[in-house]
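The sequence and the model are shown first.

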Amino acid sequence: YCTQCIHRFIKNVRMWHSHLTRALPAKTRQMDRGQLLVAIVTLCLAITVDGQADWVANLQQAINEGLARGYVSNTSDIQSVKPVPIPFSCEPYSLAPAQTVNELTPADIKVVAAIGDSLTAAMGAKACTVLTNLIEYRGVSWSIGGDDDISISGTMPNIIKKYNPGVIGYAIKTGSEDSANARFDQAVSGAIATDLWENQISALLQRMQQDTSVNMQTDWKVITVFVGGNDLCAFCKDQTVYSAANYAANVKYTLDLIKANFPRTFVNLVHTIDITEVGKLRGLWCDLVHSYVCKCGTTGSEADVAMTKQAAVDYRAALEDLINSGQYEADDFTVVIQPFSVGLTPPLKPDGEPDKSYFAPDCFHLSTKGHKEMAVGLWNNMVQPVGQKAQTWIPGELLQCPSPSAPYFYTKSNSPALGADQSQGVAANTAGSSIGAVVGVGAGVVILLVSIGLIGLAVSKLKGKKEAVPMRMQNVQQSEKTRLL
């Protein structure tokens, strides 16, 4: 039925438009034929996913929600798609150049880089419809975007620019990880933990070595690592492949390669999010996306959702053990867990409903508004001592400022002494929640592919990737995982 629905609509656009607009309210008649196609495709998805037969009611619900969110209107001037600035009241300062990573100040940072998945790629961040949700707006990514400056676009590199205008490596505008605009943002939408050490680190190293403005031996670098949402989304399908032990092992291989190949580096290791929290974003559009891309953590059975939530806790605990082992502490290198992501949950509006303006149209990825808050959370963690780092974000939170009296990015070595029951992060203290699950394919992918009759192929390819890649992990010898690139 779905295929016939789409093909018939494309072939007989005028007939469909005429009949359906006569049967629906006047407000709906303002839509053009292309906008109505989005609603029709959504109807087909609703019938396919839920087996619902009341197609007129479903179509009206899809249209109403689309009009409310701007998915099927001509209006793109909505707050969530505009770059969001960060108020900056800090006083930049400069000290003698850092000789060790424990003396690192914002002004010392010459290079920024990032690896991860679609949240770091900023998929859909400036999208105003599900069809533009496919675009990766890397220039506004919370951890690696560099569009404009902090007065226009709130990102961590734009904060660094206030201390060192010559910082390089940040992404600009749009594009895939292979594009020139991506620069040192080598995050790949759909990535799971294995992809970091199998592909992304080598791609990042190659780009950095080929960039004549980078001195690998003397330039101080900040690399932000954030992955795990896609692993969690597949957890209920294979609890062995996506176990906490395998997740931590893959992160370890990644960090080993970074340490071996990137001297003078401060690594932000951002805890994975609890993707079950995104299930609080409800509605036909949201439910459709959740069912396709992360059923384990959202629309699956209570048992599946519960085990996915626990897996997020276990993932964090495994990273705590890894980093607290001390194996990544050196004079010119460190890995610091930044735990602001542990307590993230969709912000609420005054009426108590989740505020979807922090999210892209697919109800999974972040809008520019969400990216700005993530940037503030990351930065504030970087200037907070280990063991005293914030465990969540607070929408509208002000930027915290380093100063000549507390000038350094905090590491385990330059932070106040930790108590016996403290560690770098907070995994044992909370189950966590999320501002948005990170998956490789959002609602834009689902609806666009359905509209051209390729949804079956897309889903099969996605499943093939997520099931085949982890199997390679079982066959790779330890010496191969840790060798120099």
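In this predicted model, the charged end of lysine 161 sits over the ring of tyrosine 170, at 4.2 Å from its centre. A charge counts as sitting over a ring if NZ of Lys or CZ of Arg is within 6 Å of the ring centre and within 35 degrees of the ring normal. The charged end of lysine 369 likewise sits over the ring of tyrosine 358, 4.5 Å from its centre.

The model being predicted, local features need pLDDT of at least 70 and side-chain atom pairs count only at pLDDT 80 or more, while totals for chains, interfaces and linings use all residues. Residues are numbered from 1 along each chain as its sequence is written, and side-chain values use heavy atoms, leaving out hydrogens and water.

Rings may also pair with one another. Rings of Phe, Tyr and Trp (its six-membered ring) pair if their centres lie within 6.5 Å; planes under 30 degrees apart count as stacked, over 60 as edge-to-face and the rest as tilted. By this rule there are 10 aromatic pairs. The rings of tyrosine 93 and tyrosine 163 have centres 6.1 Å apart and planes at 75°, so this pair is edge-to-face. Tyrosine 93 and tyrosine 163 are both buried, that is, under 20% relative accessible area, against over 50% for exposed and in between for partly exposed (1.4 Å probe, protein chains only).

Phenylalanine 266 and phenylalanine 409 form a tilted pair, with 5.8 Å centre to centre and 50° between the planes. Phenylalanine 266 is buried, its relative accessible area being 0%, and phenylalanine 409 is buried with a value of 0%. Ring pairs join Phe88, Tyr93, Tyr163, Phe266, Trp379 and Phe409 into a cluster.
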